[in-house]
Amino acid sequence: MGKRRCVAAALAAIMLMMELAALTVAEHRRSMLSNGLGMTPPMGWNSWNHFGCNIDEKMIKETADALVSTGLSKLGYEYVNIDDCWAEISRDDKGNLVPKKSTFPSGIKALADYVNKKGLKLGIYSDAGYFTCSRKMPGSLGYEEQDAKTFASWGIDYLKYDNCNNDGSKPTKRYPVMTRALMKAGRPIFFSLCEWGDMHPAEWGAPVGNSWRTTNDISDNWESMISRADQNEIYAEYARPGGWNDPDMLEVGNGGMTKDEYIVHFSLWAISKAPLLLGCDIRNMTRETMDIITNKDVIAVNQDPYGFQAKKVRMEGDQEIWSAPLSGYKIAVVLLNRGPVRYSTTARWDDIGLDPKTVVQARDLWENKTLKTTFVGNLTATLRPHSCKLYVLKPIA
C-alpha cells in the first residue's frame, strides 16, 4: 500500500503541474499571434550556419531533395529556410523585393513550388531595418505590408526577421508592424523574431511572433553552444505551444565539436523545446551526424505536446541536472557534465518533482534502450568530459 500511495502522490503532483500549465496556455493563447502555427517547435533547415551568403536555388533544391531522400522530412524536418543574401540590393520600380538574378534566376515562387511539391515548406529572411545584416539586400522597415504580401504571394511559410541596420527605434515598436502585416497577408506564415535577446523578447514576444531569439548568434564550438543554452534557460517559463524561446540554429554536423558535444547540443535544444533547425550541409552528412539528428526518442521530447521547456534543477560545479515534465506522466532529465574530467552525476527525485520513494523506469535515449534496473530516489551516471545522458523517466510504483 505504501508504494501505491507514493506513486499516486507522484502522479498527482505531475497531473497538477500539467493542469496548471494547460490553464496558463489557454489564457495565453487568447492574446497570442493567432496564426495557429508553431504548436510544437519548428523543425527543418536553415542556410546560414554552414553557407552564409554562398547560396543559390540549385543548392536549396538539392537540400529539399536531401531532406526527403534521407528520411529527415518524415521525422518532422519540414522547413527549408533561406537566410540572408537572396535578394538584389535594390527594389524594383514598384518597391518590390527582387530575387537575385545571378543566384535565384527562377524566382522564389518557383522555388517554393518545388519545395511544396516535396511536402516541405519554404522559409525566407528579412530584417526590421533598412538593410539586412549582410548589407547586401534591403530590409523591410517601411515596406512591411508590401513585403508580407510578396512573401504570401510566393508561397512562403516561415519568416526569419532580423534586427540589423534599423532606425534606432525599439524592436518592441518595429516587430509588431510586421506581425500586423503578416496577419493581413492572406497566408499563415511562421514568424521568427531574430532580435538577439537584446530587450528580452521572451517577455513580449508571444503576441508578436511564434519564436524569439534569446541569444546572439551561435558559433560551432563548445563555449558558444553551452552559453547559448544557459542564456535561453533563463526564459523557460515563457515557452509554450505557439511561442518558443530560440537559442539559435543547430551546429550539429559542421565539424567544430566532438560527437559527445554535439549530443549535448542536440539534447539541450530538444529538452529546451528549441526550434530544431539544422545548420549543416545535409547533402553531405556523416553517419555520426545522421545518428544524432534522427534520434526519434530525442525528437519526441522536443515535440511533446505539452511544450514544457526544461529548467536547471540542480547545479554543482560542472555537474548539472535539467528537467522537464512530459505528457503521459513522464519526465525528461538531462545529466550534464560541463567539465574537463569524468564525473559521476546524480539526478534526485526531489529535484525533479517526484516523491523520493517513487519507483521509476528509465529509458536511456542515446543508448536507445529501457534500462532493466528500476530506480528509487535517484539515478546516477558516470559521464565523460563535455557529455550528457538524456533519460525519460516513468513512475511505475
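Figure 1. H386 has a relative accessible area of 19%, so it counts as buried (buried is under 20% relative accessible area, exposed over 50% and partly exposed in between, with a 1.4 Å probe and protein chains only). The loop that holds H386 runs between β16 (378-383) and β17 (387-395); helices (H or I, at least four residues) and strands (E, at least two) are DSSP runs, numbered from the N terminus. Phi of H386 is near 50 degrees, a positive value in a residue other than glycine. A word on the model: it is predicted, with local features needing pLDDT of at least 70 and side-chain atom pairs counted only at pLDDT 80 or more, while totals for chains, interfaces and linings use all residues. Residues are numbered from 1 along each chain as its sequence is written, and side-chain values use heavy atoms, with hydrogens and water left out.

Figure 2. S387 belongs to strand β17, and its relative accessible area is 5%. Setting aside neighbours within four places in sequence, S387 is in contact with D260, V264, L335, L336 and N337 (contact means heavy atoms within 4.5 Å). D260 and V264 are among the buried residues of helix α8, which is the topic of the next view.

**Figure 3. Helix α8 is mostly covered.** Twelve of the 13 residues of α8 are buried, including Y262, F266 and W269. The helix covers residues 259-271, and its end C-alpha atoms are 18 Å apart, in agreement with the 18 Å that 13 residues should span at 1.5 Å a residue (the expected span is 1.5 Å times one less than the number of residues). After α8 comes K273, with a positive phi near 55 degrees.

**Figure 4. N245 sits in strand β7 with 0% relative accessibility.** N245 counts as buried, and its list of touching residues, not counting those up to four places away in sequence, includes A202, T214, A239, P275 and Q309. K273, the residue with a positive phi after α8, is another residue that N245 touches. Two polar contacts are worth a close look (pairs of N or O atoms within 3.5 Å; within protein, one must be able to donate a hydrogen and the other to accept it, and residues adjacent in sequence count only if both atoms are side-chain atoms). The side chains of N245 and W212 are joined by a polar contact of 2.6 Å, and a polar atom of the N245 side chain lies 2.8 Å from the backbone oxygen of Y235. N232 is 13 residues from N245 along the chain, with 6.7 Å between their C-alpha atoms.

**Figure 5. Eight strands form an open sheet with parallel pairing.** The strand order is β7-β6-β5-β4-β3-β2-β1-β8. The edges are β7 (244-246) and β8 (276-278), each with a single partner strand, so one side of each has no neighbour in the sheet. From one strand to the next, the twist averages 25 degrees (axes are lines fitted to C-alpha atoms, for helices over the stretch in contact, and angles run from 0 to 180 degrees between N-to-C directions). Within this sheet, β4 (residues 158-162) and β5 (residues 190-193) run parallel and are joined by four bridges; strands count as paired if DSSP finds at least two bridges between them. Y158 stands opposite F190 in β5.

Figure 6. Leaving out neighbours within four places in sequence, W86 is in contact with residues including I55, P99, F104, M137 and W154. Y125 is also in contact with W86, and the Y125 backbone oxygen lies 2.9 Å from a polar atom of the W86 side chain.

**Figure 7. Strands β9 and β10 form a hairpin.** Two residues lie between the strands, and G317 in the turn has a positive phi of about 65 degrees. Five bridges join β9 (residues 311-316) to β10 (residues 319-325), and the two run antiparallel. K311 has S323 of β10 as its bridge partner.

**Figure 8. N368 has a positive phi although it is not a glycine.** The value is about 55 degrees, and N368 is in the loop between β13 (359-364) and β14 (369-370). At 47% relative accessibility, N368 is partly exposed.
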